[in-house]
Amino acid sequence: MQVAIAGAAEAQMGLALPGMSASDVMAQAARDALRDAGLQPADVDGVFAASTQLPWAGVTLAEELGIAPRHSDSTMLGGASPMAHLAHARAAIAAGLCEVAVIAYGSTQRSLGRSRASVQELDPWEAPYAPPLPVTAYALAASRHMHQFGTTPEQLAWVAVSARQWAQRNPDAWSREELTIADVLAAPRVCDPLGVRDCCLVTDGGGALVVTSAARARDLRGTPVHLLGAAEAQTHRHVSAMADLTRTAAVDSGARAFAEAGLRPADVTSVQVYDAFTITPILFLEDLGFCAKGEGGAFVADGRIAPGGELRVNTSGGGLSYGHPGMNGMPLLVEAVREVREEGKDIVLAHGNGGVLSTQATVLLGSEAAAEGRPRTKVARLREPAGAVMGRRRRALAGGRAAR
């Protein structure tokens, strides 16, 4: 069964309006995505959602939309959840369990306070050391990568600087001030070798996708973005059980997603990859096959993933500069849709990560031409998406503009 994303939207990215809950943000994004597709909540018979703030996320979403869906899925894989939900929605549609699925996410972690929005599950073997998670786990991975492969602080800093340069092109980005390698290196340490500028933002926000069969999507209002391949994988829950601090399950999820799509990394024209910390894009670009293991530091250095570089990576500014509403998989997916729709990119990869490098999910999205095996030979804009939902300068809708 070929499926496509028929609608996409974000809501309340940055700082949500006073009094809004995570479910309010999630529901606003879902309604906006449905409007983008030219559909109504009554058309939805499948809901997919997961959130640290909403234990019954799928049921809550359905109630907010005023519907009684035939199928619901609240599989929790952290920041990899929306990518996994996209694959689950495809399976549900193919099985006849639903016809129109909404995948949604919302967070008010900045408004509420991160400690109240995301409760950490401590492993009994780690708890005696009182590690400040998740930064401790990612610092371990960064330290090991530096020791094993010679990765430098400057190379880590290039990830943050490249993200900031993309954010400076995005008027909706939370952080747009000039950022240099020296600034990143001089920033206060959080957990060595990671400093403040190596760590993602803490923002509110949410997003949603509308998924249906490719055939139906072609008849709807929004430009369809096709799911070409998808896979999920996991290796551990807590970092003390991680077999190799520099190798993640993205090796598996990426290989299976590429195999299903009949593609390879060289075919990808844009990458939206989880960047909770500067080490994560390095690990995932390696594990997904864009460079060899140990070469990620050199791969991201010297502006290679910045505007004008060799590979478009995290073109919104990512979690480091655009926004990071807790589990950041959904904003990456919405940006991937935008890259296909508005930037004319034929094949875009979006990769989500959950926990402490615990769960990985990879999806490959493409244009109509890519889905039909005839990718365009030059960048060409697709027809503009319907409504005022997807346009970068119009992401914050009237009455829901992100605050500073």
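**Reading a sheet and its helices**

Me: Where do I start with this model, and what is the order of the strands in the open sheet?

Reply: Welcome! This is a predicted model. Its open sheet has 10 strands, and their order is 3-2-4-7-1-8-12-11-9-10, with mixed pairing.

Me: Which strands stand at the edges?

Reply: Those are strand 3 (71-73) and strand 10 (312-313). Each has a single partner strand, so one side of each is left without a neighbour in the sheet.

Me: In what sense do strand 4 and strand 7 pair, parallel or antiparallel?

Reply: Antiparallel: strand 4 (residues 100-107) and strand 7 (residues 204-213) pair over 8 bridges. To see this for yourself, find alanine 104, which has alanine 208 of strand 7 opposite.

Me: Which strands does helix 2 touch?

Reply: Helix 2 packs on the sheet against strand 2 (46-49), strand 3 and strand 4. The direction of helix 2 makes about 130° with that of strand 2.

Me: How do I describe two packed helices?

Reply: Give the angle between their axes and the distance between the axes. Here, helix 1 (residues 22-37) packs with helix 2 (residues 57-65) at about 60°, and their axes are 10 Å apart. The crossing of this pair is right-handed.

Me: Which residues make the contact between them?

Reply: On helix 1, look for Ser23, Asp24, Met26, Ala27, Ala30 and Arg31; on helix 2, find Ala57, Thr60, Leu61, Glu64 and Leu65. Sorted by class, the contact of helix 1 with helix 2 has 6 nonpolar, 2 polar and 3 charged residues.

Key: Residues are numbered from 1 along each chain as its sequence is written. This is a predicted model: local features need pLDDT of at least 70, side-chain atom pairs count only at pLDDT 80 or more; totals for chains, interfaces and linings use all residues. Side-chain values use heavy atoms; hydrogens and water are left out. Axes are lines fitted to C-alpha atoms, for helices over the stretch in contact, and angles run from 0 to 180 degrees between N-to-C directions. Helices (H or I, at least four residues) and strands (E, at least two) are DSSP runs, numbered from the N terminus. A crossing is left-handed if the near helix is turned anticlockwise from the far one by less than a right angle, and right-handed if clockwise. Contact means heavy atoms within 4.5 Å. Ala, Val, Leu, Ile, Met, Phe, Trp, Tyr, Cys and Pro count as nonpolar, Asp, Glu, Lys and Arg as charged, and the others, Gly among them, as polar. Two strands pair if DSSP finds at least two bridges between them.
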